[in-house]
Amino acid sequence: MTKKVLVVDDEPGIVNAIAYALRREGYEVDTAGDGEEALAKAQVFHPNVMVLDVMMPKLNGYDVCRKLEDRDDIGIILLTVKNDIVDKIVGLELGADDYMTKPFEIRELLARVKALLRRLDKNTAEVKSELIEYGALRVHAERRSVQLGEEQLDLTPKEFDLLLLLLSHPQRVYMREELLDQVWEMDYAGGTRTVDIHIQRLRKKLGEPYQNILQTVYGVGYKAVPAGSFA
């Protein structure tokens, strides 16, 4: 099945250049010139990946990330003219999968789109069918869903992948670099700080007492406690 990419930027020259390059690689491409149009087209076009500019009229890229529905099935690469770590952290906290600073090489963007699609496909193909349970917390690997009691938790794809990896191997201590390699599978722009941000977001969404499932191993990384701890 042909993969779909939605390119969102208020600069026509950039949109056209990216869209042309993606189409030459065999992707189905649609475009948008502002955040509101991006949200509308995402609901109809159903992209696998969204290449999303941050600084746009009407709604900026961060607002699009906040408002985007059905986020589980869409990978997001943010584009910005800024090169401040704070801006990167904001994007990561909102669930972006990757981050590029303008100006950039089109070939590098194509490589990142391809890598992101490969990761998304791998996660779909290799998910486990079993149900992981921690008390009232239930992680359905095949359906890529997380329930806490009767509530469905809204996790980004990377948050889900990170949680599933840790819960699938309780008590195993993962270094931050290992988590980057296994969840992001590349030298990620955000560095190991990316892992810390996603762990923080997961803990906030899990709430008490389930946030304590994810334990910090100081100076090393993270681990999940055994399921029996929340029986």
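Contact, as I use it in these notes, means heavy atoms within 4.5 Å.

**Ground rules**

The model is predicted, so I take local features only at pLDDT of at least 70 and side-chain atom pairs only at pLDDT 80 or more, while totals for chains, interfaces and linings use all residues. Numbering runs from 1 along each chain as its sequence is written, and side-chain values use heavy atoms, with hydrogens and water left out.

**Entry: Thr-80**

I started with Thr-80. Leaving aside residues up to four places away in sequence, Thr-80 touches Asp-53, Val-54, Tyr-99, Met-100, Thr-101 and Lys-102. I place Thr-80 in strand 4, residues 75-80. For the record, helices (H or I, at least four residues) and strands (E, at least two) are DSSP runs, numbered from the N terminus. Is Thr-80 buried or exposed? Thr-80 is buried, because its relative accessible area is 0%. My cut-offs: buried is under 20% relative accessible area, exposed is over 50%, and partly exposed is in between, with a 1.4 Å probe and protein chains only.

**Entry: Asp-53**

Next I looked up Asp-53, a contact of Thr-80. UniProt, in an unreviewed entry, lists Asp-53 under "modified residue: 4-aspartylphosphate". UniProt positions are given in the numbering used here, feature names are shortened, and annotations may be inferred rather than shown by experiment. In the model, Asp-53 is in strand 3 (residues 49-53). Asp-53 counts as buried because its relative accessibility is 3%. Which residues does Asp-53 touch, not counting residues up to four places away in sequence? I get Val-8, Asp-9, Asp-10, Gly-61, Leu-79, Thr-80 and Lys-102.

A cis peptide bond joins Lys-102 and Pro-103, with omega about -5°. Pro-103 is in the loop between strand 5 (98-101) and helix 5. I also found a cis bond from Glu-208 to Pro-209, omega near -5°. Pro-209 is in the loop between helix 8 and strand 11 (214-217).

Then phi. I noted these because most residues other than glycine have a negative phi, and most peptide bonds are trans. His-46 has a positive phi, near 55°, and lies in the loop between helix 2 (35-45) and strand 3. Arg-144 also has a positive phi, near 55°. I find Arg-144 in the loop between strand 7 (137-140) and strand 8 (145-148). Arg-144 counts as buried, because its relative accessibility is 18%.

Lys-41 lies in helix 2 and is partly exposed, with a relative accessible area of 24%. Its C-alpha is 8.2 Å from that of Leu-6, although Lys-41 and Leu-6 are 35 residues apart along the chain.

What does the charged end of Lys-4 sit over? The ring of Phe-45, 5.3 Å from its centre. The test I used asks for NZ of Lys or CZ of Arg within 6 Å of the ring centre and within 35 degrees of the ring normal.

**Entry: Asp-121**

I checked Asp-121 in helix 5 (residues 106-126). Asp-121 counts as partly exposed because its relative accessibility is 36%.

**Entry: helix 8 and its partners**

I fitted axes as lines to C-alpha atoms, for helices over the stretch in contact; angles run from 0 to 180 degrees between N-to-C directions. Helix 6 (residues 157-168) and helix 8 (residues 193-206) have axes that come within 10 Å and cross at roughly 85°. That makes helix 6 roughly perpendicular to helix 8. Angles under 35 degrees count as roughly parallel, over 145 as roughly antiparallel, 65 to 115 as roughly perpendicular and the rest as oblique. Helix 6 contributes Lys-158, Glu-159, Leu-162, Leu-163 and Leu-166, which meet Val-195, His-198, Ile-199, Arg-201, Leu-202 and Lys-205 of helix 8.

Helix 7 (residues 176-184) and helix 8 have axes that come within 9 Å and cross at roughly 80°. Helix 7 and helix 8 are therefore roughly perpendicular too. On the helix 7 side the contact uses Arg-176, Leu-179, Leu-180 and Trp-184; helix 8 supplies Thr-194, Val-195, Asp-196 and His-198.

**Entry: totals**

I count eight helices and 12 strands in the protein. Of its 231 residues, 50% count as buried. Among contacts between residues at least 6 apart in sequence, 59% join residues at least 24 apart.
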